[in-house]
Amino acid sequence: MDRRTFLKSAAGAGALAATGGLAMPALAQGASAKTLRFVPQANLANFDPIWGTQYVVRNAALLVWDTLYGIDSKFQPQRQMVESEEVSADGLTWTFKLRSGLKFHDGAPVTSKDVVQSLIRWSARDPMGLMIRAIQNELVAVDDLTWKWSLKQPYPKMLLALAKNNAPCSFIMPERIAKTDPFTQITEYIGSGPMKFVRNEWVPGAKAVFEKFADYKPRSEKADWLAGGKNMLFDRVEWIIMPDAATAAAALQNGEVDWWETPLADLVPILKSHKDISVDIGDPLGNIGAFRMNHLHPPFNNLKVRQAVMTALNQEDYMRAIVGDDDKLWKPMASFFTPGTPLYTEEGGEIMKKKSVADAKKLLAEAGYKGEPVTCVVAQDMAATKSMGDVTAELLKSIGMNVDFVATDWGTVGARRAQKTAPGQGGWSMFHTWHAGADCVNPSSYTAVRANGEKAWFGWPDVPAVETEVTNWFNAKDMAEEKAAMGRLNKAAVENVVYVPTGFYLGYQAWRKNVSGVTSGPFPVLWGVSKA
Amino acid sequence: MLAFVVRRIITTIPVMAFVALFVFSLLYIAPGDPAAIIAGDQASPADVERIRANLGLDRPYLVRFAEWSFRVLQGDLGTSIFTSLPVTQLIAQRIEPTLSLMVLTLIFSVTIAVPMGVLAAWKAGSWIDRGAMAFAVFGFSVPVFVVGYLLAYVFALKLDWVPVQGYTPLSQGVWPWFRNLILPSVTLGLVYIALIARITRATMLEVLQQDYVRTAQAKGVGQREMLFLHALKNAAVPIVTIVGIGIALLIGGAVVTESVFAIPGLGRLTVDAILRRDYPVIQGVVLMFSLVYVLVNLIIDLTYTLVDPRIRY
């Protein structure tokens, strides 16, 4: 019996017990209906959403800091802190006005000076922010509520940049805090969002606590992801960090926690069978599994070798390894983009549907592959990367490649993948990862699809056709132009094998049935949720 | 005695210095980069490099070691790379749960293991002896996390007697504190019971062969008095030694137990820090554990004088 099976059995036994009708423990009986006990996807190890861009930090930051605009479930930017905006006819000058009466948690009013300084800090770290910076003329406060951003050339995606949910979001902080170097962590956690961060109760690795901000002014519109009124119905939200999935499952069954953001797929059947627990898809945008090949060194500097691997690959093998037998949790994708989103395209994706070992071997022979070792670096401490790594090793062997499988941890992969040296000299040939589907909806925050050589993400693909279409998408004036650019972009990315998507997969979230208002989203939407 | 204590404390200094040098060097050569983890997937190499520079991770080994050592000598273990909180504060936040778990485990284990070992030796070869030793083999063989899950299933989920996870500080009441720690202590204590029980049995078997035991029996000393007052006292030195050595087992076991029962203790702090490459935290915690271990050994040495009057320092 392996550990995974054991976890499943242990939690399963818990469910059997629960069906017998477990009484709530004293701990839960005393808990207030005004307190939400939430188990997040990971530990909140730091709390500067600009300095550290992990999604768990972004999720916590969404409670504490507000944004100027918010993306809704139709991927449209909507006003949030902003009351109005105006763009000049030539598209070069944007003038924004804040809603009046907004306050920070320390009681100070939110002013345009705070906004300007926050945008300066954000734009030094965010890919879209950096693009705006590169064409910026001036970013200045006009009066207490108004600021102006003038550019050297139009930037049609300005509102998307300010509304997007991809980390780092353009969170607004007090000017004095936003003056912190963007590469240095802030030490004061004051925002103007719906919840205050209770710093003295923060035990990194164990607990983070948020309390309702009484002076928060929610918008009147209905909440929809980051848009609309963020009405917090809890006085207190406790994030309880649980590194062990079986423990989290047991705690949810026992009523010791209310909501678990990312249950392990193996444990979901147990949770589904529990009479007091609801289970549904968490993030509808899911994740895209991926492995990246090093375009700088043999054998993957040869396009035909990359194409051979893509030709042999069967996404179902990868998805089953990650999510198991639940067919609702995965989809094949002949694309680099998130399935089910408005701009999704499979143009040029035929090779991704082939799954032919014979064709792959033929391509490999044409490429002149001579058995050069493939240094496959695989993080064993992440379930998804470990599963994908095992499948890839078998895949490469099946087409006759020489695999040097390096089993390590994610911390090491994170450092090693930045090495541009040859695989035999501390570098690498391939590593596995995954991309949040929210980042792969379009090219705006999709660093992984970029192919601008030395400046590209790890693997450093250099494909001018991809970069041309990324630019075309940014300059697109309407949806039709965006779609056309995306189609050509996908074709170029597939033909040149910028990287290899291994499939699209979803995850569940689980919560106690006395909690209502839970919705799906690319982040846990805590506003509008209540507990009986 | 006082001179011995002072001498031992002085000898602690080079031990701690070696541990500090070893841990610092090990982390320096270990693969991984906290700056890359902080910067996230969207960051450019230049961003990662700038974060690394701001954290001072780009400076030479000797400079970093000298600075860290100087701060440690002043009682400053540095600041966590990720949380920006002082390492001493992080340790202070976590020390109560770990200390509570270890003390409770220690009390529980010694209370069970010593009588079990004595009984097994007294009834050597009987079903009691075999049962006790089978239990010891079980305690050694079954991984801590398996025991933890099984106990949580039975006593938390099925019987609903205790919570599955978490920790309640002692300041919020003895019962809530105790209730949260019952399962983790039993879990962690099993291997410890096995260890102490086996050593107690072996030592007692040897002592029970001694002439003075036979003499005491001939003089009509009662079984209980003979076992626990005469024999056990003479068998105490190896038992006390193994109790002390077992503290290291507890420290290692606490890492797993704290994860299984979601106890916010030092074990989890250490694992989290290692996975993230939070060097100052790893160095601080390892240094503290080493100090604890050295002090425990000192206390054990001093305890010898209490159980065996022939030992003098």
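Predicted model: local features only at pLDDT ≥ 70, side-chain atom pairs only at ≥ 80, totals over all residues.
View 1. Welcome to chain B, whose secondary structure amounts to 13 helices and zero strands. Read from the N terminus, its elements run α-α-α-α-α-α-α-α-α-α-α-α-α. The C-alpha trace of chain B spans about 85 × 55 × 35 Å along its principal axes. Of the 313 residues in chain B, 40% count as buried. If you like to look at contact ranges, take the contacts in chain B between residues at least 6 apart in sequence: 72% of them join residues at least 24 apart.

**View 2. Domain 1 and domain 2 of chain B.** Here we look at the division of chain B into domain 1 (20-73) and domain 2 (94-307). Taken over C-alpha atoms, the centres of these two domains of chain B are separated by 37 Å. Where they touch, nine residues of domain 1 of chain B meet eight residues of domain 2 of chain B. On the domain 1 side, helix H1 (2-29) and H2 of chain B are the elements that give two or more residues. H1(B) gives the most to that side, with four residues. By class, the domain 1 side that touches domain 2 of chain B holds seven nonpolar residues, one polar and one charged.

**View 3. Where chain B meets chain A.** This contact brings together 43 residues from chain B and 49 residues from chain A. On the chain B side, at least two residues each come from helix H2 (34-39), helix H3 (45-54), helix H7 (144-158), helix H11 (236-260) and helix H12 (266-276) of chain B. Of these, H7(B) gives the most, with seven residues. The side of chain B that touches chain A is made up of 23 nonpolar, ten polar and ten charged residues.

**View 4. The domains of chain A, with a look at domains 2 and 3.** In the domain assignment, chain A has domain 1 (3-37 + 241-283 + 508-512), domain 2 (43-239) and domain 3 (287-505). The C-alpha centres of domain 2 and domain 3 of chain A lie 32 Å apart. Their contact takes ten residues from domain 2 of chain A and twelve residues from domain 3 of chain A. On the domain 2 side, you will find six nonpolar, two polar and two charged residues.

**View 5. A seven-strand sheet in chain A.** Follow the strands of this open sheet of chain A in the order S8-S9-S10-S1-S11-S19-S12, with mixed pairing. Strand S8 (195-197) and strand S12 (277-281) of chain A are at the edges with a single partner strand each, so one side of each has no neighbour in the sheet. Helix H3 (residues 55-64) of chain A packs on the sheet, where this helix touches S8, strand S9 (207-212) and strand S10 (236-240) of chain A. The direction of H3 of chain A makes about 120 degrees with that of S8(A). Elsewhere in the sheet, strand S1 (residues 35-39) and strand S11 (residues 259-260) of chain A pair in the parallel sense over two bridges. For a handy landmark, A:Phe38 stands opposite A:Trp259 in S11(A).

**View 6. A right-handed β-α-β unit in chain A.** Our last stop is the right-handed unit made by S15(A), helix H13 (residues 383-398) of chain A and S16(A). Strand S15 (residues 373-379) and strand S16 (residues 402-408) of chain A run parallel and are joined by seven bridges. To find your bearings, look for A:Thr375, whose bridge partner in S16(A) is A:Asp404.

Methods
Residues numbered from 1 in each chain as written. Chains lettered and ligands numbered in written order. Contact = placed C-beta atoms within 7 Å. Nonpolar A, V, L, I, M, F, W, Y, C, P; charged D, E, K, R; others polar. Domains from an automatic or database assignment. Pairing = 2+ DSSP bridges. Right-handed = clockwise from strand over helix to strand, strands pointing away. Axes fitted to C-alpha atoms, helices over the stretch in contact; angles between N-to-C directions. Buried ≥ 20, exposed ≤ 12 C-beta atoms within 10 Å, placed from the backbone.
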